[in-house]
Amino acid sequence: QEWMENNLPKLFHDMGCIDFILNLLYQEASKIRGEDFKKLVREGRGETGGKTYIFERMFALRNKCGYSFKRDTNEITINNAAVFRSYINTIVDYLIKNPKTSSRTIESMSIENFLTDLETCGFAPNATNANATNTNATNTNATNTNATSANLRYSVKNRPTLKRKKIPPALKKLIDECYNLKENDSANAKIALTRISFECTLKFVVENTKNSNGQFMKDSSYFDPAFRKGRFTNFEELKKRFTSLVIDTGIKTALNDFDLQRSHQIIHNYHVGAIPNDAKTLCDNLVVLIDFMLEDESVLITSLDMSKL
C-alpha cells in the first residue's frame, strides 16, 4: 500500500495514460459540481486552482471513493454512484473551504489522513479498498500504450439496483421498461418514462415507509402540502419535502439537480424533439436516486432525518 501511494501517480505518468484517466474521471466529476470542480483543477499557482495532484493522489484509495480502474484495460468504472457523488461533493467543499491545501499538504499528512478529514466533513467511504488487484504489470512500449489509450473505455452503472422488499410488480416493470428503452430510437419515450419512474418511486417510498414510531411518512402533517386529499399529488412539493429529509449532501444535491420541469418541457414541446443525449443523461442521473430510494427500508430510514416528521 505504501509503495502504491508513492508510485502509482508516477507510474501512470510514465505510461502516458494519466491524462486520459483524469479526463474521463473529470468528465463525471464536472457533471456533479460543474464550475466549482473545474476551478480547482485549472492550472495555476493561486489558492483556488492547481489541485489536480490531490485528485491524482486519491487514485490510490479510488475504491473507497466509489470508482476503480484497471491498468490492463485502462477502464474506469463508477462502482458506487452514491459514494462517488458524495466523494466529489465532499472533497470539492473541503478544498473550497481550505484553499491552502496543496500537494505538500497531502505529502505531509498522507492520503489516509486526508480521507479521514473528508470523513469528518460527512463523506462515508466504501468499507474496502481492494485496489491492489488492479495494478498488474503492463507493457510500457510506447506503441502499445498509445494504442491502448486510443481505445479507453468508460463505464458507469447503467441501471439501478432495487434492494427494497415488496416493491410492487408494476413499479419494477416500469423501471425496467425505462432502462430497457434505447435512447437512439425512443428519446421522447425514455425521457417520459424517466420522469414517471422517479415520481412513482418517490410516491411509493413516501406512502410505504414508516418512521421509528410506526407511522407512515405520508401520514405526517409534514407532507400535507404535497397531497391534495382525494385529488392529486404535487410532485414538485413532494420532491422538495423528501429532499429536505435526506442527510447525505451528495444525494441531496442529486435530488435538487433532478429537474422535473426540464423533462416536462422536453416532452411537451412539439416544436423541438428530444435528443438521445438528453434521454441518456436524465436516465443515468436517475440511477443513483432510485438506488437510494429503493434501498432496504431499514437502511433508507437511517439516511433520512425523521425528526422533521
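A residue is termed buried when its relative accessible area is under 20%, exposed when that area is over 50%, and partly exposed in between. By this rule Asp176, at 24% relative accessibility, counts as partly exposed. The structure described here is a predicted model.

The secondary structure of the chain comprises 14 helices and five strands. Of its 309 residues, 44% count as buried. The accessible surface amounts to about 15,800 Å², and carbon and sulfur atoms contribute 49% of this area. Among contacts between residues at least 6 apart in sequence, 69% join residues that are at least 24 apart.

With a relative accessible area of 9%, Phe204 is buried. Apart from neighbours within four places in sequence, Phe204 is in contact with Arg164, Lys166, Ile167, Pro168, Leu171 and Leu294. One of these residues, Pro168, is 36 residues from Phe204 in sequence, while the C-alpha atoms of the two are 8.7 Å apart. Glu199 also belongs to helix α9 and is buried, at 11% relative accessibility.

In total, 12 salt bridges were counted. One of them joins the side chains of Arg33 and Asp93, with an N to O distance of 2.9 Å. Because Arg33 lies in helix α2 (residues 18-41) and Asp93 in helix α4 (residues 81-97), this pair ties together parts that are 60 residues apart in sequence. Arg33 is buried, at 15% relative accessibility, whereas Asp93 is partly exposed, at 29%. Arg33 and Asp93 are also linked with Asp36 in a network of salt bridges.

A further salt bridge connects Asp176 with Arg159, the closest N and O atoms being 3.9 Å apart. Asp176 is in helix α8 (residues 169-180) and Arg159 in the loop between β3 (154-156) and α8, so that the link spans 17 residues. Arg159 is partly exposed, with a relative accessible area of 30%.

The side chains of Asp296 and Lys165 likewise meet in a salt bridge, at 2.9 Å from N to O. Since Asp296 lies in the loop between α13 (276-293) and α14 (297-302), and Lys165 in the loop between β3 and α8, this pair ties together parts that are 131 residues apart in sequence. Asp296 counts as buried, at 18% relative accessibility, but Lys165 is exposed, at 61%.

Terms used:
Residues numbered from 1 in each chain as written. Predicted model: local features only at pLDDT ≥ 70, side-chain atom pairs only at ≥ 80, totals over all residues. Heavy atoms only, no water. Helix = DSSP H or I, 4+ residues; strand = E, 2+ residues; numbered from the N terminus. Buried < 20%, exposed > 50% of the residue type's maximum accessible area, 1.4 Å probe, protein only. Contact = heavy atoms within 4.5 Å. Areas by Shrake-Rupley, 256 points an atom, 1.4 Å probe, with all protein chains shown as cover. Salt bridge = Lys/Arg side-chain N within 4 Å of Asp/Glu carboxyl O.
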